[in-house]
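Dear colleague,

Please find the structure below for your records. A short account of the findings follows it.

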Amino acid sequence: MGRVKYATKNIAFGWMGNVATLLLGAALRQVFINRLGDTLLGVSDYYTSILTVLSLAELGISTAFNFSLYGPVARNEVEKIKSYMLLYKKAYRGIAAAIAVIGMAIAPFLKYLIKEPGNTSLRDLTICYFIVLFNTVSSYLVAYKYSLVNAQQKNYIQTNVITITKVITISLQILGLWMFPNFYLYLITSVAIELIQKIFVNIYLNRMYPYLKEKKVEKLSEEEVGGIVGQTKALVLHRVGDMARSQTDSMIIAAFIDVTTVNFVGNYNHVISSASNFVNVIFNSVLSSFGNLIATEKREKQYWMFKVYRFLGCWIYGFSAIGFYLMLTPLIILWVGEERALSDLVIGCIMFDYYFKGERIVLTNYKTAAGVFEQDKYLPLVQGAVNLVISIVLVQKIGLVGIYIGTIVSGLIANITRPFIIYKVCFDESVAGYFKDSLKYVAVNAAVLALLIFIRDAMMPSVTIFMFIVMVGVITVVYNVIFILIFGRCEEFGYLWHLVADKIRKKL
C-alpha cells in the first residue's frame, strides 16, 4: 500500500471516529452539567490540564523514537526494530514512574491551585485526582507499542482502538450519570474501560508483532543511542516550552478567576477540539507518510509536497477558524445556554491563535518527520516564558482576554522563526516566498471574514436551530467558492484537484 493510500485510510478512520466521539462527547457534557453542575465539570477539565502538563515527563521520547523507526521500518530491518522497541519499552516504564511520583507530590497543593471549588470538599478533590492520575500513569505501560504501528503508516489501528474505547466509556458514563449522579462513578467508569483496553492492546499488538516478545535482542550501537539521546534532549526543551505555552490556560483561569470559568472555556474547547479533530486527522495522518517520503525521496520532491501540504493547511484552517468565530457562540447558546457564552473578544483571540496554530502544525509536523529538533530547541522555552508572564500579568488587569493575548504573542514567535529553520535545513530555499504566501492567505481570509460577518448579522438577528443550519451552509459555500476563485489556478490546487479526481475515477 502506497503513502497516499495509507494517508487516505488513516484520514477515513479518523473522521469516522471523530463523528462518534463528537456527538457522544457533547451529550456527555450536557448530561454532566444537568446532573453534577458546572463546578465539578470545571474540576474535571482542570485535572485533565494538570495531567497533560505532567505528561511532559514523556520529554518528547515518542517523537524521537517514531523518527528513528521510519528508516528501519521502510527497510524492513526486524532486528533493528526490536532493538529500538526494547529501548522504547524501558524508557516508557521510567516515564510512568516519573509521572506517578510528580503527580503524588502535587496532590497536597491542590487546595492552593483551585479557586472557589464550590461545595466540593478537599477530600473529594484529592480522591478524584488520584483516580485520574492512575489512569494517566497506566496508559504509558503499553503506549510505546503504537510507535511501530504508526511508523508503518497504520495510524488507523490506534485511531480505531481509541474510538471504540471512547464510545463505550462515554456511553456508560452517560448511563451512569442519569442513574447514579456520582463523580467517583463517572471517573472509575473511565478508568475501568481504559484498563481493559490497555490489556487488549497489549495482547493484540503482541500477536501482530510476535518478534516483540523475543528475548534475544541486539543492543543498539553507541552512535544510534547517542542520536536518540541528542534528539530527546532537544525535544525535552520543546515539550516543556510547548506545555508552558499551550496547556496552562486552564490552570491560570482556575488560580486567578474561578474553576467554573474553566468549565465555560471547556465547553468552547470541547467543540473546537472535537470539530478541529477532523482537520487535525488530515495533517497528522500524513506525518508518518512524510517520514517515509523524507527517508526515500529527493529534496525537490519533499519541497513540492511541503508546499502542497502548507496550501491545504491554510485553506482548511482558514475556513474552520472563520466558521468557528462566526458560529461557535450560537452553538454554545443552543447547546448549554446563553449564560455560559463567552464574549466575542475572547472568541476572536482564541480563533486568531487557532488560525496561526494551523500554520505551526504544518511546520511542526514536517520538522518532526524530518527529525529537525536541535536547531530551535530553545525556542519553545522562550515561548513558554513569554506566555506565562504576559498571561499572568494581563489576567489580573483585563481578565480572560489577557490569558489569550499571552497565548497569541508567544505562538507568533514560532510562526516567524520556524520557517527560516525549515527552509534552510530541509530545502535550502529562500524563505521569502513562504512569508509572501502567508500575507496573501491572511489578506484573503480577512476579507472573507468581513463579508461573512455582514451576511451573518443580516441573516441571523436571533439564534435558532434552523437559522444556525442555514448560516453554516452559507459560510461553507461562500468561503470555499471565493477561495477557489482566487487560488484555483495555482499549482498546489491543481495537484490536489487531480489527486481527488483520480480517486473518484478509480472508484467509478
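In which helix is the place of L185? L185 lies in helix α9 (residues 183-208); helices here are DSSP runs of H or I with at least four residues, strands are runs of E with at least two, and both are numbered from the N terminus.

Please note that this is a predicted model: local features need pLDDT of at least 70, side-chain atom pairs count only at pLDDT 80 or more, and totals for chains, interfaces and linings use all residues. Residues are numbered from 1 along each chain as its sequence is written, and side-chain values use heavy atoms, with hydrogens and water left out.

Overall fold: the protein has 20 helices and zero strands. Of its 508 residues, 51% count as buried (under 20% relative accessible area; exposed is over 50% and partly exposed in between, with a 1.4 Å probe and protein chains only). Where contacts (heavy atoms within 4.5 Å) link residues at least 6 apart in sequence, 84% of them join residues at least 24 apart.

Surface: I164, I168, L172, L175, W178, M179, F180 and L185 make up a nonpolar patch. Helix α8 (residues 155-179) contributes the most to this patch, with six residues. L185 counts as partly exposed because its relative accessibility is 33%.

Cysteines: the structure holds zero disulfides (pairs of cysteine sulfur atoms within 2.5 Å). C349 counts as buried because its relative accessibility is 11%, whereas C490, at 22%, counts as partly exposed.

Yours sincerely

Note on methods: Patches are made of residues with over 30% relative accessible area and no salt bridge: like charges are joined within 9 Å, nonpolar side chains (Val, Leu, Ile, Met, Phe, Trp, Tyr) within 5 Å. Accessible areas come from the Shrake-Rupley method with a 1.4 Å probe; for residues, only the protein chains shown count as cover. A salt bridge is a side-chain nitrogen of Lys or Arg within 4 Å of a carboxyl oxygen of Asp or Glu.
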